[in-house]
Amino acid sequence: MVGQRFIQLLEHHPWFEIAWLAASDRSEGKLYGEAVRWRLKTALPKHIAAMRMSPANSADGAPKVIFAALDAAIAADLEPRFAEAGCAVVSNSSAFRMHADVPLVIPEVNPDHLPIIETQSWRKKSRGYIVTNSNCSAMGLVLALAPLQKQFGLLTVMATTMQAVSGAGYPGVPSLDILGNVVPYIAKEEEKMEEETQKLLGHIEGSLDGRSGSGSMKIVPAPFAMSAHCNRVAVEDGHMESISVKLGRSAKPDEIIASWNEFRGLAQELKLPSAPERPVVYLTAPDRPQPRIDVDRGNGMTTSVGRLRPCNVFDWKFTVLSHNVIRGAAGAAVLNGELLKAQGYLP
Ligand SMILES: NC(=O)c1ccc[n+]([C@@H]2O[C@H](COP(=O)([O-])OP(=O)(O)OC[C@H]3O[C@@H](n4cnc5c(N)ncnc54)[C@H](OP(=O)(O)O)[C@@H]3O)[C@@H](O)[C@H]2O)c1
């Protein structure tokens with residue numbers, strides 16, 4: 001699923017060109033058009049369909065920038081091989097997201113975490129490194145929380161997700177398990193959502209000397225209390241989340257809505273090609289956002305928020321919607337690749 005979105009998003013990209021494709025040994029040696037079951041509404045580009053699939057277990061012949069979408073167990077083995085060979089690995093997998101020296105980055109939220117790349121052993125040896133984007137359910141949540149944290153402070157976050165089936169990859173959840181049903185369990189998802197949200201909204205401590213890379217630097221997770229419930233629902237694309245928050249200071253609803261609508265980050269400042277004009281948009285209609293209507297806002301890169309109202313337990317509650325395969329996966333990685341280029345990290 002994520003690999004296909006990479007192809008779709010990179011087809012007309014102004015900075016990157018697809019030069020190499022690799023997947024499992026089921027696909028190795030085949031033309032991409034033979035190996036893939038293309039599931040997207042846009043056509044599979046002809047020149048991509050005609051590319052031959054390489055083995056993924058060696059960086060021989062691979063370009064120096066790798067956009068990777070592998071299962072975590074496979075990524076844990078393969079991604080370091082590419083980093084070691086001097087590649088910039090822009091990863092979607094959870095394998096290295098929580099490693100102390102691997103940045104977990106959203107360009108609008110924590111681009112200042114990138115320099116921790118310099119502490120990676122691969123970087124020191126071959127200039128290669130790994131950078132990650134978040135889990136798809138953490139992505140929408142963090143984009144909605146970042147403006148609140150910045151303006152009002154965050155004390156407690158409670159999130160309940162309704163996650164689309166495309167989040168489980170292809171072919172994903174069996175139809176007999178999900179049609180007319182809700183599955184209240186997604187393996188390791190709640191843990192990922194909780195720890196990644198705190199790392200993304202955490203801060204950098206220490207500094208490195210730009211030339212030698214000496215010094216020390218660490219990412220300190222944000223200290224707010226956080227709990228997640230994750231559910232799989234029969235929706236094709238778009239993770240919806242019901243959120244309750246306790247803020248660090250009192251805020252009026254107009255101030256909260258303005259903090260979302262006015263939120264911009266380095267991605268917008270640098271005018272990165274995949275950056276949405278508005279990372280977060282507040283919808284005023286009482287029954288929005290909805291996946292079918294709102295998931296493609298900002299080419300799938302804008303997070304939609306709605307239904308802000310007082311919460312009887314915490315301070316405020318609201319609904320968040322984010323495209324899990326674009327903003328939550330391939331689009332996030334492409335935006336990270338653009339940030340790396342703009343900041344001088346690409347070979
Ligand atoms: N889907 C989402 O919304 C989403 C969001 C955020 C993060 N992610 C993460 O992104 C990663 C990929 O997810 P997905 O949804 O795209 O899964 P997917 O549809 O199951 O695709 C997995 C890909 O990995 C390849 N692969 C499997 N074994 C391999 C091996 N031994 N060596 C090399 N390649 C191998 C497969 O190749 P073949 O085609 O040859 O089988 C396939 O192309 C996962 O870590 C997932 O957690 C997904």
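**Exercise 1. Arg327**

Is Arg327 buried or exposed?

*Solution.* The model is predicted: local features need pLDDT of at least 70, side-chain atom pairs count only at pLDDT 80 or more, and totals for chains, interfaces and linings use all residues. Residues are numbered from 1 along each chain as its sequence is written, and side-chain values use heavy atoms, with hydrogens and water left out.

Step 1: classify. Arg327 has 1% relative accessibility, so it counts as buried. The cut-offs are under 20% relative accessible area for buried, over 50% for exposed, and partly exposed in between, with a 1.4 Å probe and protein chains only.

Step 2: locate. Arg327 sits in helix 12. Helices (H or I, at least four residues) and strands (E, at least two) are DSSP runs, numbered from the N terminus.

Step 3: find polar partners. The Arg327 side chain makes a polar contact with the side chain of Glu108, at 2.8 Å. A polar atom of the Arg327 side chain also lies 3.2 Å from the backbone oxygen of Met301. A polar contact is a pair of N or O atoms within 3.5 Å; within protein, one must be able to donate a hydrogen and the other to accept it, and residues adjacent in sequence count only if both atoms are side-chain atoms.

Step 4: Contact means heavy atoms within 4.5 Å. Not counting residues up to four places away in sequence, Arg327 touches residues including Ile106, Met139, Pro276 and Leu335.

**Exercise 2. The ligand site**

Which residues are closest to the ligand? Describe the shell and its polar pairs.

*Solution.* Step 1: count. The ligand is surrounded by 24 residues, and the closest are Val2, Ser24, Arg26, Ser27 and Leu70. A residue is near a molecule if one of its heavy atoms lies within 4 Å of it.

Step 1: sort by class. The shell holds 12 nonpolar, 9 polar and 3 charged residues. Here Ala, Val, Leu, Ile, Met, Phe, Trp, Tyr, Cys and Pro count as nonpolar, Asp, Glu, Lys and Arg as charged, and the others, Gly among them, as polar.

Step 2: assign elements. Helix 4 (72-84) and helix 12 (326-342) each supply at least two shell residues.

Step 3: read the backbone pairs. A polar backbone atom of Leu70 is 2.6 Å from a ligand oxygen. For Met1, a polar backbone atom is 2.9 Å from an oxygen of the ligand. Ser166 places a backbone N or O atom 3.0 Å from a ligand nitrogen.

Step 4: Taken alone, the ligand exposes 900 Å², and the protein buries 78% of that. Accessible areas come from the Shrake-Rupley method with a 1.4 Å probe; for residues, only the protein chains shown count as cover.

**Exercise 3. The cores**

Which residues touch the most other members of the largest nonpolar core?

*Solution.* Step 1: define. A nonpolar core is a set of buried Ala, Val, Leu, Ile, Met, Phe, Trp, Tyr and Cys residues joined through side-chain atoms within 4.5 Å.

Step 1: The largest nonpolar core has 39 residues; Val245, Trp260 and Phe318 touch the most other members. Helix 6 (residues 136-152) gives the most to this core, with 10 residues.

Step 2: look for another. A second, separate core has 37 residues, including Tyr32, Ile48, Leu272 and Val325.

**Exercise 4. Backbone checks**

*Solution.* Step 1: take Pro171. The Tyr170 to Pro171 bond is cis, with omega near 0°. Pro171 is in the loop between strand 6 (154-162) and helix 7 (175-178).

Step 1: take Pro289. Its bond with Arg288 is cis, with omega about 5°. Pro289 is in the loop between strand 13 (280-283) and helix 11 (291-294).

Step 2: check phi. Arg127, a residue other than glycine, has a positive phi near 80°. Its loop lies between helix 5 (121-126) and strand 5 (129-132). Asn299 has a positive phi near 55°. Asn299 is in the loop between helix 11 and strand 14 (303-310), and counts as exposed because its relative accessibility is 66%.

**Exercise 5. Thr132**

Is Thr132 buried or exposed?

*Solution.* Step 1: Thr132 is in strand 5. At 0% relative accessibility, Thr132 counts as buried.

Step 1: a polar atom of the Thr132 side chain lies 3.0 Å from the backbone oxygen of Pro103.
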